[in-house]
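Student: Hi! I've got a model open and would like to talk it through with you. Can we start with one of the sheets?

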Amino acid sequence: MKRFWLTGILAGLTMLAMAQSVDDVINNYMNALGGKDKLLSIQSLHTTGIANFNGNEVTTETWKVQDKLYRSETNFGMGSFAMLVTDEKGWMKSPRGSGNFDPMPEEQVKSMQSMLDCSNPLVNYAVKGHKAELIGKEDVEGTECYKIKLTLKSGSDINYFIDTKTSYLIRETSKGGGFGGRGGGGGRGQGDQEMKTDYSNYQKTEDGYMFAMTVSRGMGGAMTFEKIEVNKPVDSKLYKAEQIFFINKQSI
Amino acid sequence: MKRNFTGGALTALVLALVFSPCNILAQTTINSSTFGMMEARWLGPGTMSGRISAIEGSWEDGKTIYVGTAGGGIWKSTNAGASFKPIFDKYCQSIGALAMDPKNAKVLYAGTGESNMRNSVSYGDGIYKTTDGGDNWTKLGLANSEHISKIVINPQQTNIVYVAVPGALWSSSTDRGLYKSTDGGKTFEKILYINENAGCADVTVDPEHPDTVYASTWEFRRKPFSFNSGGNGSGMWKSTDGGKTWKELKNGLPAKPFGRIAFAVAPSAPENMIAIVESAETGLYISSDRGETWKKQSATMNVISRPFYFSCIQIDPKDPKRIYRPGYTFSYSVDGGYSFADASNEGGWLHSDHHALWINPKNTSQLYLGTDGGVYISLDRGATWNFVQCLPVGQFYHVATDNNKPYNIYGGLQDNGSWVGPSSAPGGVSNANWKAINGGDGFWVQPDPNNNDIAYAESQGGDINRVNLGTTKSINIKPQQGPGEEKLRWNWNTPIVTGQANKKNLYMGCQFLYRSQDQGRNWLKLSGDLTTNDKQKQQQENSGGLSADNTSAENHCTIFTIAESPLDEKNVWVGTDDGNLQVTTDGGRSWFNQAPAYATAGIPSQTWVSSIEPSRFDKNVVYATFDNHMYGDFKTYLAKSVNGGKTWTRINSPEFTGFAHKIKEDLVNKDMLFLGTEMGLFATLDGGTTWFRMKNKIPEYALVRDITIQPATNDVVIATHGRGILILDDVTPMRKMTKQIAEKNVVLFPPAPVSLTMGNFGGGGFPGTGGWVAPNAPSIPPIKYYLKDRVNSGDVKMEVYDAQGKLVQSIPGTKRKGINFIDWNLKMKPPKIATGGTKIDFSGFLAPMVMPGEYTLKLKVGDSTYTSSIKLMHDAANKDFTLADRTAQYKAAMDVYKMHEQLAAVVDQISVKEKLIKDNLDKVTDSTLKHNMQAYSEELEKLRAECLATKQKSIFADEKRLREEITEVYAAIVGQEAAPSNLQLQRVTVLQQQVQTKEKSGQQIIKKWDDSVMDGLRKQGLIKPEPLKPGDKKPF
């Protein structure tokens, strides 16, 4: 009898361990970041960040408005790079371009529009039209993670790796030329090249939002956010495909 | 009472599990994740690839290609073969078959266990499936199949899958046969079974009537000393009801017994079939009535040669008359098999021995061929071929290194000769860096420890050469049979070993052991027959079965491993392929067979002694591995003796998988050992008590045949039989790792002194043009630290301070669990340079190297700081760059560095003033002020245009202004290991004057305009008065 009781407990423990559904994992992830409501309350984001390459600092400033705007401007001392994606179109400005904001190909715009998500495509994924699948557990550089495959409504896949202990997202991978980050999620367009983005340095902002303050993208180095502002008004000129002054860097 | 106690204990255990998980989880175990960023470099080469056992391509796009290899897993290309990536590195690496769902190109089945049943073939553990193009895999079943030769999917109902399982090679098995799944692989039913000695070799379905299934069965068996292909279990079969019932096809086929049968159905006219039937008179047969009757065709030797090994024949998807026969060479027929032509070598040699062919259904002129030497692509229906040079799946047997800087790696490849290549090279180790030094199948290659120009290499059966590495001319030095001696028996993989204690000693063995001390010019026989000399195991001339096959691969009762003690040259160990473990302690005068001793440790007798490792720390300690897979026993046998071999203790671990090939003791830490098996690399840090699988960018089930440790660099060099050479650079952190260290949250390892260098190689002129290129070992040793767990909260960075406490560099740190690396290029922060303009100026990435001295390292992990120091030394080995040169370079570099920052300050001030003007110009109502502002701005802009390039936007334009002029001399001085030249120094002086001139120009413009403009703006209320604080400097 006792053996059955013990077997029952062990079986129950096993089932507890096995019973994680994809929604359980995503709920735990959202809870680790303050909860679903908190995440859904993010309607705009303004970040400034800095990356260090052997002492050379690269600064990036981004603005996001839920479903409407993604804009980033990166200054690497002797040049700058900018990207603008709206719900309709996209542009890029780079030293290798014309010097102006050049239009993005439609396919790239489409894939990058997942960046218009201020929280993360995982948050409320079903309402957003995405599909999530729990692939299983996978070791990410020695850390046990849940692996979730999210198929965006655009058809692109993103793999999310969520730490089984902390429920923090520590890595995402996608194929093609997509960009990660909160609200990230890539798309295709550049073949089968895997894009890997690592998240760390989770911290709570003064207004109670939890963010990964460091984002690393393979050879692209690690960007650490100096400031993240949530739901602050966003200047309408940021929607225009024009060069603007950096807030903390002078640029003419 | 006892029962109650047990129950209570169990209850306590369960309660402990439930309520005290932290205590249990708090134990930090040392495993591969402990070593974090210590990841293997995949050296390749791709110049000679390995055996390819399966190729499948996408019917959907015609450019997604999957390549299954004999021992390197599955590789995927999405660009028709321009590049490949491995997609199966967590699973069994031996691939037998691949099949793509005809309706969903993302669905792929992979059968493990190659079925080209040569002596060195590996084995599998079942069938796998992916539904997302290889990103994720699920193991379906057939775990005991060992070998899977073909997978076929019903084109109309793709949940119906047929799997041909030849089954075990080395033993009888009831797991053989043809299996069918009707639920996409969730379950399988055996639908054709002959007996425990005959499995299913081939299967296909009629594309028009998919319930019509054809299969060939094959009776075969290998023993360590013989091979048989053929028997009454072999046959040709047909079912018209999806495998429920079968009839044997005989009409027109030769008299049985058969051996292996390869066959094909013409996809575009499936009443036509073609078959190669191994029998007493092996031949090519065709049928035009769906196999009911057959007619023999004449055939070339290539078409019918070696049927057990060449089991592929295919018909063009659109042209039923065009037949392809990949075999020893590549043959094709345009007349339905009536006649055959062979591929041309025009454009390059096509490697012999073919096993897989994929014809692009979207473009049937495009063929992908799998050979013993890699993948080839044809664009003209097989007439000529291009080699794919980016698949590093070579099958090494052994590896050795020399003591050059960088050191070289030597090894022999299955069917691909013997090679030498550098561990690092300018631009990375490319295919072009590897050099072929001997032909045939390659096995042992030993560099001469006393002569950098000489190596010893062999081909199968002990054909050893002394090779001049410069010219690659070789001298045959194989010992010959002496008068009155028995015929010498050389293993297919004959050991050639140089001495550990006496570097002049060169050993090799047949049934006798020989030693040479003059590079093989003269040999001394050191022993009598050290094998069992069992005559029953020496009938190799009868090997092969229906088709004779005697290539020395079955030679038996031979010496297989030799090891001289590093502590005593007279203490020599010899292991044989028939179970003898012999030792001499007097240089060969007397020998003692320790086989009975190891047998008492639970290791089967007659096992191959695959490696012996006499300890370098204790003469009485010796390790050995034993390989019994040729008797159907795949267990991992590793044993240790602490009394010179008198008694042995078996070392085992639940981690172990695969039969054992190699045990290697570390050179420094006696408790650190590496074990290579047919399914993985394992390590222990506690002398063998606990083991872990090395996953550090090493395929988890890699076929690890040999391991060596380079003494100067502390690199572990791994020979794999399917993934080429892998190098784990500098394993010093492994040596130092203890449980006590592993328990700490953060450990900053004190770095060894470092010579100041810009690296070992120059940048080269151009990037590589394809092929496999391996990254180099770091030229500057990274700074290493340990994190017990991944840092999710808080940042990690390293700050470097000089002796005066000045911060010279700050570097972001990685946060992964285990050992982390920080690469400091030994340079200070780059200068702040003038921003803006139309050209990218790279001075912002260039910094002077710091000077020799003691530097403080501060590792900041969250709120905690861990401090160590690093000693940087002048690189005395670089005779072209003296300490005086370095000092002069540093001074000049800093002069120009300051110049850049001076100019940046001028331009920053221009920008500040211009922004102020631009922001307010439209708001100004006073026309005079407006005019002054415009004039002020124009003069500032004119000055800016003199300071940096502002006009030409093209990257090919060469507009040079002062910033660009400074950068030219700055880059020249800081970017090289040399004292500045006289003209560089002269140029610095000139540019210093020009910077001062610009500063003065700025001051004059400010003086001329600024007060009046600022006053005007204040009066208009556009800026607030900002009086200077005491001590503030006025701009410029």
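Student: What's the strand order in the open sheet of four strands in chain B?
Tutor: The order is β2-β3-β4-β5, and the pairing is antiparallel. Keep in mind that this is a predicted model.

Student: And which strands sit at the edges?
Tutor: β2(B), residues 52-57, and β5(B), residues 85-86, are the edge strands, each pairing on one side only.

Student: How many bridges hold β4(B) and β5(B) together?
Tutor: Two bridges, in the antiparallel sense, with β4(B) covering residues 74-77. To find the spot in your viewer, look for Lys76(B), which stands opposite Lys85(B) in β5(B).

Student: Let's move to another strand. How covered is β54(B)?
Tutor: Mostly covered: β54(B) spans residues 673-677, and five of its five residues are buried. Both faces are covered, with Leu673(B), Leu675(B) and Thr677(B) on one side and Phe674(B) and Gly676(B) on the other.

Student: What does β54(B) pair with?
Tutor: One partner is β53(B), residues 660-665, which pairs with β54(B) in the antiparallel sense over five bridges. There, Lys662(B) stands opposite Gly676(B). Another is β55(B), residues 680-684, also antiparallel to β54(B) and joined to it by five bridges. On that side Leu675(B) stands opposite Phe682(B).

Student: Now a loop residue. Where does Ser32(B) lie?
Tutor: Ser32(B) is in the loop between α2(B), residues 21-25, and β1(B), residues 41-44.

Student: Buried or exposed, and why?
Tutor: Ser32(B) counts as buried because it has 22 C-beta neighbours inside 10 Å, and the cut-off for buried is 20 or more.

Student: Which residues does Ser32(B) touch, leaving aside those up to four places away in sequence?
Tutor: Phe692(B), Arg693(B), Met694(B), Lys695(B) and Asn696(B). Take Asn696(B): it is 664 residues from Ser32(B) in sequence, yet their C-alpha atoms are 6.3 Å apart.

Student: OK, what about the nonpolar cores? Which residues have the most contacts inside the largest one?
Tutor: Val67(B), Val163(B), Ala275(B) and Ile725(B), in a core of 224 residues. This core draws at least three residues from each of domain 1 (399-478) and domain 2 (773-1019) of chain B. There is also a second, separate core of 37 residues, which includes Met899(B), Ile917(B), Leu948(B) and Val988(B).

Student: What's around Val163(B), again not counting residues up to four places away?
Tutor: Val163(B) touches Gly111(B), Ile127(B), Leu142(B), Ile148(B), Ile151(B), Tyr179(B) and Phe188(B).

Student: You mentioned two domains. How many Å separate their centres?
Tutor: Taken over C-alpha atoms, the centres of domain 1 and domain 2 of chain B are separated by 48 Å. Their contact takes five residues from domain 1 and five residues from domain 2. The side of domain 1 that touches domain 2 has one nonpolar residue, four polar and no charged.

Student: Over to chain A. Which residues of α2(A) are buried?
Tutor: In α2(A), residues 22-32, they are Val25(A), Ile26(A), Tyr29(A) and Met30(A). Seen down the helix axis, these buried residues fall within an arc of 135°, so they line one face of the helix.

Student: What covers the buried residues of α2(A)?
Tutor: The cover includes α3(A) (36-40), along with strands β7(A) (131-140), β8(A) (143-151), β9(A) (157-163) and β10(A) (169-175). And just after α2(A), look at Gly34(A), which takes a positive phi of about 110°.

Student: Last one: what are the overall numbers for each chain?
Tutor: Chain A has four helices and 13 strands, and 41% of its 252 residues count as buried. Chain B has ten helices and 68 strands, with buried residues making up 51% of its 1036 residues. Along the principal axes, the C-alpha atoms of chain B fill a box of roughly 115 × 80 × 70 Å. Among contacts between residues at least 6 apart in sequence, 47% join residues at least 24 apart in chain A, and 58% do in chain B.

Note on methods
Residues numbered from 1 in each chain as written. Chains lettered and ligands numbered in written order. Predicted model: local features only at pLDDT ≥ 70, side-chain atom pairs only at ≥ 80, totals over all residues. Pairing = 2+ DSSP bridges. Buried ≥ 20, exposed ≤ 12 C-beta atoms within 10 Å, placed from the backbone. Contact = placed C-beta atoms within 7 Å. Arc of directions from axis to C-beta. Core = buried A, V, L, I, M, F, W, Y, C linked by C-beta atoms within 7 Å. Domains from an automatic or database assignment. Nonpolar A, V, L, I, M, F, W, Y, C, P; charged D, E, K, R; others polar.
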